[in-house]
Amino acid sequence: MRSLVLIGHGSHLNGESAGAVYRYAELIRERGLFDEVVEGYWKEEPSLRQVLKTTASTDVTVIPMFISEGYFTETVIPREMGLGHQGPVPPEGVARVLGGKTVRYTLPYGVHSSMADVILERAREALPDLGEEGTPPTALVVLGHGTTRNENSNRVVYENAERLRHSGLFSEVEALFLDEDPKVGLWPERVRAPRVVVVPFFASEGWHTLETIPEDMGLTGAVTEFPDNPHGPQTVHYARPVGTHARIAEVILQLAEEARGTGGRGGDEDRLHAQAWAAFMTMARRGMRVGEVMITPQLGMFEVRHALDEGIPGGDLTTTVTPEGLRDQTRRDEGGHHRPVHTLRNLPRGWRAVLSEADLPRAMHALYPAIVEEGYAHQQHALRATPWATTARRQTGIYAKVQKATPEQVEHVAEDVCSGCLRTRLWASEQLPRTFFDGVPGAIPCAEACTYLVAEVREEVSGKRGSGSGHSH
């Protein structure tokens, strides 16, 4: 068996942030090269602390879905996943044995050498006649974010610019940045060619690619004319970001295979994981409730719906038949707000999912990530709780200030945030004698304070958190 884990940043605020990782997971899943493809996030669920528990194999490859090396890939992800590594990741990656699983952690996909080909494809989409005889000289601008906080973050942009400089397709190639020198606003002084194609070296379509870059460059659309530039009239063609290209799935697969080397047949089935899901499926086949949902067996299939929608005719509910459809149906509450913590008691109503037995585990993973694994481990007295003090000490960067939070401040925030959650706070020494495996639907363990709570405690310590602000994220 082989498991592939794609790690994204995620967001407490923006439900679209996780979209690219979901999309690539689906593309790779369709290829059937791994027994499973699982997503994990820094600011959503399953969290970096939970995601390895959700993998079925003892052979796990973890790929950070980031465009460059930096703080998250070198500090946050290895720390939160317990990899025992900090700092730059070597080209061959980092391998560890954790809880009986062989875990291989790679460089982010954006630093792979084949990304130069993706940049070139984006440039060709914007300029289909690129390289044809008789076309005017064309300059390429590879546009990175840049940061003064990590010297490695700009390296990949320069490396790709250098590779493409040797392609012979461009009269000049420039590497420019949003947040460090040379900045993108200087492009008219640095670029001489009458025709310019700009390719954003960004992971996704978002605020920077849609607003910041066009504003800084003076762009008005996909093609913008500049008749009065210092080096004469210029036409700028603005391409889509590299991170949204379908070919990224191929880059990810190459990274995964390179990390495994001649890894052989793969791993075995993780015993505790298999036992947890066998127990869950036994209950599901009889019909059960877990959290806010009801699972009903129907003619070899399973219907999943909000428990409060019991008795409503199926025709009156929105029906979905895939785990992805269920995920998308439940990622926002009834007010349209993003749900980064899935066990908050704000699951929307008005839907039903009709799923095969093979799809039910992935659907439950989408609804309530990691609760089957953690619930079963708690029932077997094998779930370790992490006290708040330990979680706080582990925080770095802007979250390091949570270490200064008093117990009263933490509890004040928890009263707001955690009171709306189904989970029982084992990390705060609350007791949970039974779980949903014992027939108590809302009895779900919480082994460690989530990043949502950590973020709110940081706001509390900073004095920026108003009454009830925990529900705004």
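Which elements do the buried residues of α6 pack against? They pack against β6, α5 (187-190), β8, β9 (223-226) and β10 (234-238).

**The model**

This is a predicted model, in which local features need pLDDT of at least 70 and side-chain atom pairs count only at pLDDT 80 or more, while totals for chains, interfaces and linings use all residues. Residues are numbered from 1 along each chain as its sequence is written, and side-chain values use heavy atoms, with hydrogens and water left out.

The protein chain averages a pLDDT of 94 (the predictor's confidence in each residue, from 0 to 100), and 96% of the residues score at least 70. Over residues 467-473 the pLDDT falls below 50, and this stretch has 17 contacts in the model beyond near neighbours in sequence. Contact here means heavy atoms within 4.5 Å. Helices (H or I, at least four residues) and strands (E, at least two) are DSSP runs, numbered from the N terminus.

Axes are lines fitted to C-alpha atoms, for helices over the stretch in contact, and angles run from 0 to 180 degrees between N-to-C directions.

S11 sits in the loop between β1 and α1. With 14% relative accessibility, S11 counts as buried; buried means under 20% relative accessible area, exposed over 50%, and partly exposed in between (1.4 Å probe, protein chains only). The side chain of S11 reaches the backbone nitrogen of L13 at 2.9 Å, and a polar atom of that side chain lies 2.8 Å from the backbone nitrogen of N14. Leaving aside neighbours within four places in sequence, S11 is in contact with S17, K43, E44, H338 and P340.

Strand β6 (residues 138-144) has seven of its seven residues buried, so it is largely enclosed by the rest of the structure. Both faces are covered: T138, L140, V142 and G144 lie on one side, with A139, V141 and L143 on the other.

| Strands | Bridges | Example of partners |
|---|---|---|
| β1 (residues 3-8) and β3 (residues 59-64) | five bridges, parallel | L6 and I63 |
| β6 and β7 (residues 172-177) | six bridges, parallel | V142 and A175 |

Now back to helix α6 (residues 207-217), where T209, T212, I213, P214 and M217 are buried. These are the residues that pack against β6 and β8, among other elements. G218 follows α6 and has a positive phi, near 75°.

**Two crossing helices**

The axes of helix α8 (residues 271-284) and helix α11 (residues 371-379) come within 9 Å and cross at roughly 95°. That makes α8 roughly perpendicular to α11, a label for angles of 65 to 115 degrees, whereas those under 35 count as roughly parallel, over 145 as roughly antiparallel and the rest as oblique. On the α8 side, L272, H273, Q275, A276, W277, A279 and F280 meet V372, E373, Y376 and A377 in α11.

How many of the nine residues of α11 are buried? Eight are, so α11 is largely enclosed by the rest of the structure. Those buried are I371, V372, E373, E374, G375, Y376, A377 and H378. Besides α8, they pack against β11 (288-290), β16 (423-425) and β17 (444-446). Just after α11, H381 takes a positive phi of about 60°.

**An exposed loop residue**

K404 lies in the loop between α12 (388-394) and α13 (407-417). Its relative accessible area is 68%, and K404 is exposed. Apart from neighbours within four places in sequence, K404 is in contact with Q409 and V461. K404 and V461 are 57 residues apart in sequence and 7.3 Å apart in space, C-alpha to C-alpha.

Technical notes
Two strands pair if DSSP finds at least two bridges between them. A polar contact is a pair of N or O atoms within 3.5 Å; within protein, one must be able to donate a hydrogen and the other to accept it, and residues adjacent in sequence count only if both atoms are side-chain atoms.
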